[in-house]
2 protein chains.
Amino acid sequence: MTSADSVPPVRLLLADDEHLIRGALAALLALEDDLVVVAEAATGPEALAMARAHRPDVAVLDLQMPGADGVKVATSLRTELPGCRVLIVTSHGRPGHLKRALEAGVRGFVPKTVSAQRLAEIIRTVHAGNRYVDPELAADAISAGDSPLTERETEILEYAADGAPVAEIAERAALSQGTVRNYLSSAVSKLGAENRHAAVRLARERGWV
Amino acid sequence: MTSADSVPPVRLLLADDEHLIRGALAALLALEDDLVVVAEAATGPEALAMARAHRPDVAVLDLQMPGADGVKVATSLRTELPGCRVLIVTSHGRPGHLKRALEAGVRGFVPKTVSAQRLAEIIRTVHAGNRYVDPELAADAISAGDSPLTERETEILEYAADGAPVAEIAERAALSQGTVRNYLSSAVSKLGAENRHAAVRLARERGWV
DNA sequence: CACTCCCCATGACAAATGTCAGAACCGGAG
DNA sequence: CTCCGGTTCTGACATTTGTCATGGGGAGTG
């Protein structure tokens, strides 16, 4: 399967905030002789800087990183380095994240439960210009569907996410308290939750916040 | 540094639900010739079974795993295989977890941000019978201090964690609603939170739930 | 142009929640 | 033995939240 001679190797950027995983991953991928890791990063901004400097063929990004998450990095990369394919790797595959990622032009989306061999194959697939989405995550995303919440409802729910009282949410959103309660109420009923806190939890699980 | 001849290698059990990381870690640790990975597991119960079957010298456990978390596994291991040292590796180092881990007889506690070389050294340290706790996590744990909550307050706060209304908590805890509200109220005031949901968040951050 | 959907607001009511005082029981510390 | 703190309860009260009806304005569609 691996190329024997003149084909140039796929140049990779690896971004993950966990040094242990990043290093281990780099070591494993280096075993494949058609792949070469040309840069590593621990944060979103760092990944962006590294990408600019090294112009990799494929960027393998962790979804959760300090600074800017994988999807944000992918969005920036799309305009700055259109030739660079992006592959997102994640621990917690929330359905909504997949959708956001695909909208950001990400070419691949896989959970960290795959094996290294599998990942190497997927990197090749993505590099060849194809897409790859983990079937399990895809199924979850389809069954979860789109967020039924409007923009404002989502925004208010986000403000409510850390347990802030209505008064504080209203202030932060520059709305009246009544309006905030209306939005929360409709969000709660749309999600079929018992109260707004359960609603926050549900929306989080589905990746809608 | 690595042993040249007759010293038997340290036998390791690796447990992490993320195949990618577990495999990569195994590969990296295999590079050290005084370490050998004798078993791998993806869940808590599996880790326990593997430990019984292979009797490793050191168990390297992820904190969050399906089935039973690292601390629970460590507790069981302590009685079943007293000779087996336990090292916990984690992504999100919550102060309270460290304390619980140490109480469970864990010998080492490190974040996944360390490098593989460092991890190998720490494995040797732990195997030699010493303890190792990441200085950063230790500092956090000290500054966060002990939980000010009583057992019941903690229990009720846990029931409240997923946004359940008081009536439901009362039923699940077999208490009157008034009592539940009293416990919640005192927990909220002890934590200096605005309401119980913020209290839950705070307690979570500090690892007290 | 009517219709619909989202945005924003108000007011009023019902339900849930937070707070407080008081009181009984139990176990451990002094 | 007495005092203290944790557990459990009740009842009462103020506050917060959830729900609903109703209204106006703007954007987009048939």
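Q: What does the side chain of B:Thr179 have 3.0 Å from one of its N or O atoms?
A: In this predicted model, a phosphate oxygen of DNA strand D is 3.0 Å from an N or O atom in the side chain of B:Thr179.

Q: What about bases: which part of DNA strand D lies 3.0 Å from a polar side-chain atom of B:Asn182?
A: A base nitrogen of DNA strand D lies at that distance from B:Asn182.

Q: How many residues surround DNA strand D?
A: There are 17, and the closest include A:Arg181 and B:Arg152. By class, this surface has four nonpolar, eight polar and five charged residues.

Q: Which helix gives the most to that surface?
A: Helix 9 of chain B does, with five residues.

Q: Changing topic, how much space lies in the largest pocket?
A: The largest pocket holds about 710 Å³. Its lining has 21 residues, and among those nearest the centre are A:Arg201 and B:Arg201. The lining divides into six nonpolar, five polar and 10 charged residues.

Q: And what volume has the second largest pocket?
A: Its volume is about 600 Å³.

Q: Which helix supplies the largest share of the lining there?
A: Helix 4 of chain A supplies the largest share of the second largest pocket's lining, with five residues. Domain 1 (10-143) and domain 2 (151-205) of chain A each provide at least three residues of this lining.

Note on methods: Residues numbered from 1 in each chain as written. Chains lettered and ligands numbered in written order. Predicted model: local features only at pLDDT ≥ 70, side-chain atom pairs only at ≥ 80, totals over all residues. Heavy atoms only, no water. Near = heavy atom within 4 Å. Polar contact = N/O pair within 3.5 Å; in protein donor to acceptor, adjacent residues only side chain to side chain. Helix = DSSP H or I, 4+ residues; strand = E, 2+ residues; numbered from the N terminus. Nonpolar A, V, L, I, M, F, W, Y, C, P; charged D, E, K, R; others polar. 1 Å grid on protein atoms, 1.4 Å probe; cavity = no way out; pocket = protein on both sides within 12 Å on 5 of 7 lines; lining within 4 Å. Points joined across faces, edges and corners; volume = space filled by probe spheres on them. Domains from an automatic or database assignment.
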